[in-house]
Amino acid sequence: MGDLSDTPLADLTVEFGTRPTMPAMPEATDNDRRMGRRLAAIHRMHLNDVGRIGIVLDRIEAGEASGKDLTDAVTSAEFAQNVRQFGALCGRECKVLNGHHDIEEYALFPELATKGNDALRAVVERLKAEHKVVHELLVRLERAAMALMFEVDAEKFNEARTVFRQLETVVQSHFGYEETQLEEAIGVLGVGV
């Protein structure tokens with residue numbers, strides 16, 4: 001998976017092909033699994049932040065945040081402030097998720113690949129491919145969020161909303177796959193999260 005900058009938004013998904021699976025590790029203990037669940041705890045923090053952004057978005061769409069219909073509200077100061085808040089929250093979360101993935105890419109994944117077996121290496125390679133999709137969505141969302149910071153209009157808001165919803169779907173799927181496949185390996189192989 002190379003450069004994804006020209007890929008249509010609908011095609012930026014992690015639901016492609018068959019995801020490799022990590023077989024159960026018979027030597028895994030409950031303590032190993034608890035260590036692996038730390039990754040899930042970190043993911044929950046990110047998903048909570050994404051959820052909060054979604055709530056702001058839902059309120060704007062419902063007219064609750066501005067008290068007006070989306071298309072009528074474009075010129076209102078309250079609407080503009082709410083849309084800018086949505087943009088600022090998206091931009092912040094883009095940076096945080098990028099940092100999380102960088103830690104995985106440069107620390108966690110290389111260690112797992114080095115210490116693991118062929119099945120684990122296949123999972124790690126798939127996760128790295130999925131990170132490329134997530135990264136492209138983050139780039140697009142950050143760009144859309146920045147555009148909202150400078151000029152609030154319905155078209156820019158709709159673009160940011162569409163990219164955000166795609167990212168939300170992709171991140172939920174990606175995190176779920178990553179957590180289930182790496183839970184035992186992280187503890188058994190003594191890889192820190």
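Let's start at Ile-186, a residue of helix H5 (helices here are DSSP runs of H or I with at least four residues, numbered from the N terminus). What you're looking at is a predicted model, where local features need pLDDT of at least 70 and side-chain atom pairs count only at pLDDT 80 or more, while totals for chains, interfaces and linings use all residues. Residues are numbered from 1 along each chain as its sequence is written, and side-chain values use heavy atoms, leaving out hydrogens and water.

Is Ile-186 buried or exposed? Its relative accessible area is 0%, so Ile-186 is buried (that means under 20%, with a 1.4 Å probe and protein chains only). Now find Arg-38: Ile-186 and Arg-38 sit 148 residues apart in sequence, yet 9.3 Å apart in space, C-alpha to C-alpha.

Next, look at H1 and H5 as a pair. Their axes come within 8 Å and cross at roughly 170 degrees (axes are lines fitted to C-alpha atoms over the stretch in contact, with angles from 0 to 180 degrees between N-to-C directions). That makes H1 roughly antiparallel to H5, a label for angles over 145 degrees.

And the core? The largest nonpolar core has 30 residues, and Phe-86 and Phe-164 have the most contacts inside it. Such a core is a set of buried Ala, Val, Leu, Ile, Met, Phe, Trp, Tyr and Cys residues joined through side-chain atoms within 4.5 Å. Helices H1 (30-62), H3 (77-115), H4 (118-150) and H5 (154-188) each give two or more residues to this core. Apart from it lies another core of 17 residues, including Met-25 and Tyr-177.

Technical notes
Buried < 20%, exposed > 50% of the residue type's maximum accessible area, 1.4 Å probe, protein only. Parallel < 35°, antiparallel > 145°, perpendicular 65-115°, else oblique.
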